[in-house]
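These are my notebook entries on a structure that I was asked to look through. I set down what I looked up, in the order in which I took it.

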Amino acid sequence: ASAQAGDYFFALLPPTSTTLYTSRFYAKDSLGGLSFGLSKSTAAAGGIFYTAGTFSFGTTYLVVIKYEFVTGGTNDDIMKAFIFSSGVPSTEPPNPTIGPVTGTAPDNTLGRIALRQGTSANAPVANVDGFRASTSWDFTSTSVSNLSTTISDNFYLAQNYPNPFNPNTTIRYNIVERGFVNLTVYNSLGKEVKNLINSNAEAGSYSVDFNGSGLNSGIYFYKITYINKSGNSFTDTKKLILLK
């Protein structure tokens, strides 16, 4: 990633709006390092609050933006940012990296996520791996579990979460009918490091926890292979990053 004078590249929006950006998340160059910022709306409507320390360019960070709806007022919602260079803890840390942040802009309902470039003079350049929205701080799983007894609409291997992780991450997948499932983790050289699933399973949505405590930091891959008695098959591979 790179950044210049600083501008927001991520924000939340009401479900029918393309202009009411809230929980704006910024990146800017700070004496050769990377500084992140958070505002409710525009700088004039409450200010932009930046991290006191700098982060490193060329590094993967996982950012959790918490938006708290406060009842009783029309402009008192609260925003916080938590920034991690490894996995997300199982419970919310008592002190956010940025915040609490409020502002004078009106509160909004939320229904969209926005990514934007800003202007050529101040925009950050970021590689964004993905998003996850949740109503609670729940990012961990400790065992394989069937999440649904409803037959899945399609075969699907989800991106592990959190990613990057340390040392636990969760992998979710769907299968549409009973069949044999193999889910295996490989290192960057293609060597198997952990077999997670190697058994028959009923149709449904599943999750499995992967613990990388015995592995070195780096890029790994996980591959799912499915086949049923009729010979129908499905395979997919995704990347996961272990940062210690």
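Entry 1: terms and overall make-up. I began with a term that I needed: a residue is buried when its relative accessible area is under 20%, exposed when it is over 50%, and partly exposed in between. By that rule I found Phe36 buried, and Phe55 as well. I note at the outset that the model is predicted. I then looked up the protein as a whole and found zero helices and 16 strands. Of its 244 residues, 42% are buried. I also looked up contacts between residues at least 6 apart in sequence, and 59% of these join residues at least 24 apart.

Entry 2: the pair of Phe36 and Phe55. The structure holds 13 aromatic pairs. I looked up the one formed by Phe36 and Phe55, and recorded it as tilted, with 5.3 Å from centre to centre and 55° between the planes. Where do the two residues of this pair lie? Phe36 belongs to strand 3 (residues 33-39), while Phe55 is in the loop between strand 4 (49-50) and strand 5, so the pair ties together parts that are 19 residues apart in sequence.

Entry 3: other rings. I next took Tyr67 and Phe69, whose ring centres are 4.8 Å apart and whose planes stand at 55°, so this pair is tilted.

Entry 4: charges over rings. I looked for charged ends placed over aromatic rings. That of Lys28 sits over the ring of Tyr50, 3.9 Å from the ring centre. That of Arg116 sits over the ring of Tyr8, at 4.0 Å from the centre.

Entry 5: I traced an open sheet with the strand order 5-6-7 and antiparallel pairing. Strand 5 (62-68) and strand 7 (98-101) are at the edges with a single partner strand each, so one side of each has no neighbour in the sheet. From one strand to the next, the twist averages 15°. I then looked up the pairings one by one. Strands 5 and 6 pair in the antiparallel sense over seven bridges, and Lys66 stands opposite Lys80 in strand 6. Strand 6 (residues 78-84) and strand 7 also pair in the antiparallel sense, over two bridges. Ala81 has Ile98 of strand 7 as its bridge partner, and Met79 has Val101 of strand 7. How many residues of strand 6 are buried? Six of the seven are, so this strand is largely enclosed by the rest of the structure.

Entry 6: the nonpolar cores. The largest nonpolar core has 21 residues, among which Tyr173, Val181, Leu183 and Leu196 touch the most other members. Strand 15 provides the largest share, four residues. I then looked up Leu196 in more detail: neighbours within four places in sequence aside, Leu196 is in contact with Ile171, Leu183, Val185, Val208, Asp209 and Phe210. A second, separate core has 16 residues, including Phe25, Ala27, Tyr61 and Tyr67.

Entry 7: Phe131. With what is Phe131 in contact, leaving aside its neighbours within four places in sequence? The residues are Phe10, Ile113 and Leu115. I also looked up Phe131 and Leu62, which are 69 residues apart along the chain, and found their C-alpha atoms separated by 9.9 Å.

Notes. Residues numbered from 1 in each chain as written. Predicted model: local features only at pLDDT ≥ 70, side-chain atom pairs only at ≥ 80, totals over all residues. Heavy atoms only, no water. Pairing = 2+ DSSP bridges. Axes fitted to C-alpha atoms, helices over the stretch in contact; angles between N-to-C directions. Buried < 20%, exposed > 50% of the residue type's maximum accessible area, 1.4 Å probe, protein only. Phe/Tyr/Trp six-rings, centres within 6.5 Å; stacked < 30°, edge-to-face > 60°. Lys NZ or Arg CZ within 6 Å of the ring centre and 35° of its normal. Core = buried A, V, L, I, M, F, W, Y, C linked by side-chain atoms within 4.5 Å. Contact = heavy atoms within 4.5 Å.
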